Amino acid sequence: MNESQQNYKMQMVPSGYDKEREDIVQGEIHTIEYPSTTLGNSRKARVYTPPGYSDRQEYSVLYLLHGIGGDENEWYTHGKPQIILDNLYADQMLKPMIVVLPNGRAMLNDRAEGDIFAPDKVQAFETFESDLFHDLIPYIEANYSVRTDRMHRAIAGLSMGGGQSLNIGLNNLDRFA
């Protein structure tokens, strides 16, 4: 075991980690629109900022991707990351970070409607990589107080978003840790 593995302390997930608590300070989650040069239009994403977010501090960023049938609202509506993150901060189990919930389907009509497995919609998940690097990450870095090195940028996802995060993250280790 190396030194960093020895210093790692496994913690159990506290009960009620995903239940809203009234007695804690809460972060904010809101919808942004950013210009996509990749598609030639504006695109939407949700951004969570931690309790006490301040421009005087720099934060790490997690890009959290949805599954094939979702969009930028999927995690917010069904996963409630804002509640989980707020609880983890209140219990001092997590360092403050910004979480970006993008739409991983980069096409002009990026809504999850019709045949979500149509070739153009599947291609749009590949196009997202260009939108992420050329449009979304630069927008986040220009509009939020974030660290811009690979050690403070992460990507993760569920289902199709998990596949995207593996393909994008592992093929761009200079950009994601």
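**Surface leucines and the sheet**

I first located L166, which is found in helix 5 (residues 160–170), where helices (H or I, at least four residues) and strands (E, at least two) are DSSP runs numbered from the N terminus. I note that this is a predicted model, in which local features need pLDDT of at least 70, side-chain atom pairs count only at pLDDT 80 or more, and totals for chains, interfaces and linings use all residues. Residues are numbered from 1 along each chain as its sequence is written, and side-chain values use heavy atoms, with hydrogens and water left out.

I then checked exposure: L166 counts as exposed because its relative accessibility is 53% (buried is under 20% relative accessible area, exposed over 50%, partly exposed in between, with a 1.4 Å probe and protein chains only).

Next I turned to the sheet, which five strands form as an open one in the order 1-2-4-3-5 with mixed pairing; two strands pair if DSSP finds at least two bridges between them. The edge strands are strand 1 (28–36) and strand 5, each pairing on one side only.

I looked at strand 3 (residues 60–65) in detail, and five of its six residues are buried, so this strand is largely enclosed by the rest of the structure. Strand 3 pairs in the parallel sense with strand 4 (residues 97–102) over four bridges, and there V100 is the bridge partner of Y63, while M97 is that of S60. With strand 5 (residues 153–157), strand 3 pairs in the parallel sense over five bridges, and R153 is the partner of V61.
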